[in-house]
Amino acid sequence: GHTSNFTSIILSGVHAADLLHCLQELNFGVSAHVERASVAVARHSTMAVPSLSLMEIGARPSDPKPHILVVVLDPLGDVMRAQLLNVIGKLFAIAEVMAAAGAEAAGFYSSPVMQLRGGGDRRFLIAGNWKMNPETMDEAKALASSVVESAKSVKKGVDICICCPHPFLATCAQICKDSEVKIGAQDIFTEEKGAFTGGVSIKQVESIGCKYVLIGHSERRHGNIASESNAMINKKVKMTIDSGLVACLCIGETKAEFEAKKNKEVCAKQLAEGLAGVTKEQLANVVLAYEPVWAIGTGYTASPEIAQDVHNYVRQWLEQNYDKATAESVRILYGGSVTPDNVDQLMACPDIDGALVGGASLVGEKFARIMNFK
């Protein structure tokens with residue numbers, strides 16, 4: 001909340017230094033003076049914020065500009081920290097309104113959320129995987145147009161992509177051409193051209209305007225339509241990177257592997273073999289998507305705690321095999337029965353940078369709500 005003199009921001013202590021740096025960059029009046037204070041914290045409707053002894057970072061009373069009062073809560077869990085970070089963008093917006101009004105503004109203003117993730121480098125990505133849907137070109141055009149319209153209200157810091165069946169790619173690319181919506185292919189073949197009936201090459205999808213390529217989706221790993229090995233998937237990843245497109249590498253365990261508590265072991269193997277020969281510089285053209293096979297199209301969803309635990313493990317794997325800066329820069333999506341009902345909780349997790357959405361992406365209203373997660 002705020003008065004005519006300052007805006008309060010509630011933030012986990014782990015990220016306090018990063019936030020102070022951002023405030024200074026935005027030229028808000030923030031004092032370097034730190035003192036102990038006991039602050040009563042109002043409870044947010046979607047989170048339980050405890051009343052603690054807090055660190056109060058005060059504003060300079062002599063500065064005529066609106067100030068930011070940062071209240072640091074420490075310690076907090078990862079999910080709580082992420083929920084608090086989601087509130088920060090709205091408070092920045094309030095401060096901007098106050099500045100424009102000469103610190104006389106009153107009331108609460110809602111605004112697109114500014115996300116601070118990975119030092120500010122990671123943007124959310126919401127990608128719709130249409131799979132072998134819809135049935136006709138007219139339906140595809142209508143759905144793509146609906147996504148373009150809904151994307152106009154999407155908050156800053158969120159990228160949108162739709163991965164269409166190959167026959168619809170060119171038409172949907174034209175519909176999305178001057179919008180915020182990017183196009184992705186659902187697969188490519190391992191060769192660039194030649195006598196490969198039914199194959200679609202990376203150059204072909206690039207030529208019609210695709211930016212993303214899904215690679216290693218479980219439906220292609222586990223026999224629904226193909227039985228692709230990690231070696232084949234790795235070849236597709238490198239071909240996509242070499243063409244300047246973004247490879248969305250899907251990983252995830254089966255139900256049996258999950259019940260045997262091998263989910264992290266499986267993901268580590270898929271990462272090691274799927275990213276073999278990929279340099280840290282090339283990871284700028286890679287998005288990872290954790291999709292537990294037991295949650296895809298089943299109605300079951302990994303809880304935010306389960307998903308965050310695996311996403312955190314994946315980020316640790318990247319740090320161990322590359323470096324910390326690279327690990328912090330790579331986007332890791334969650335996929336597996338993402339719906340309007342669970343997207344807010346999933347996106348609040350600090351290591352979940354977006355969603356790969358299946359069935360819900362085929363319903364304009366549902367996908368619009370997912371794109372505009374809170």
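Reader: Let's start with the strands. Which residue stands opposite A355 in β12?

Author: That is I126. Strands here are DSSP E runs of at least two residues and helices are H or I runs of at least four, both numbered from the N terminus. Before we go on, this is a predicted model, where local features need pLDDT of at least 70, side-chain atom pairs count only at pLDDT 80 or more, and totals for chains, interfaces and linings use all residues. Residues are numbered from 1 along each chain as its sequence is written, and side-chain values use heavy atoms, with hydrogens and water left out.

Reader: Thanks! How many bridges join β5 to β12?

Author: Four, and the two strands run parallel. Strands pair if DSSP finds at least two bridges between them. β11 is also parallel to β12, joined by two bridges, and there Y334 has A355 as its bridge partner.

Reader: And are the faces of β12 buried or exposed?

Author: Both faces are covered: G354 and L356 are buried on one side, A355 and V357 on the other. Buried means under 20% relative accessible area, exposed over 50%, and partly exposed in between, using a 1.4 Å probe and protein chains only.

Reader: Now the inside. Which residues touch the most other members of the largest nonpolar core?

Author: I126, I162, V205 and L275, out of 72 residues in that core. The helix α3 gives the most to this core, with six residues. A nonpolar core is a set of buried Ala, Val, Leu, Ile, Met, Phe, Trp, Tyr and Cys residues joined through side-chain atoms within 4.5 Å. Apart from it lies another core of 13 residues, including L125 and C161.

Reader: What is L275 in contact with?

Author: Leaving aside neighbours within four places in sequence, the contacts of L275 include N234, V237, L249, W317 and Y322. Contact means heavy atoms within 4.5 Å.

Reader: Switching topic: where is the cis peptide bond?

Author: It joins N133 and P134, with omega about -10 degrees. P134 is in the loop between β5 (124-129) and α3 (137-151).
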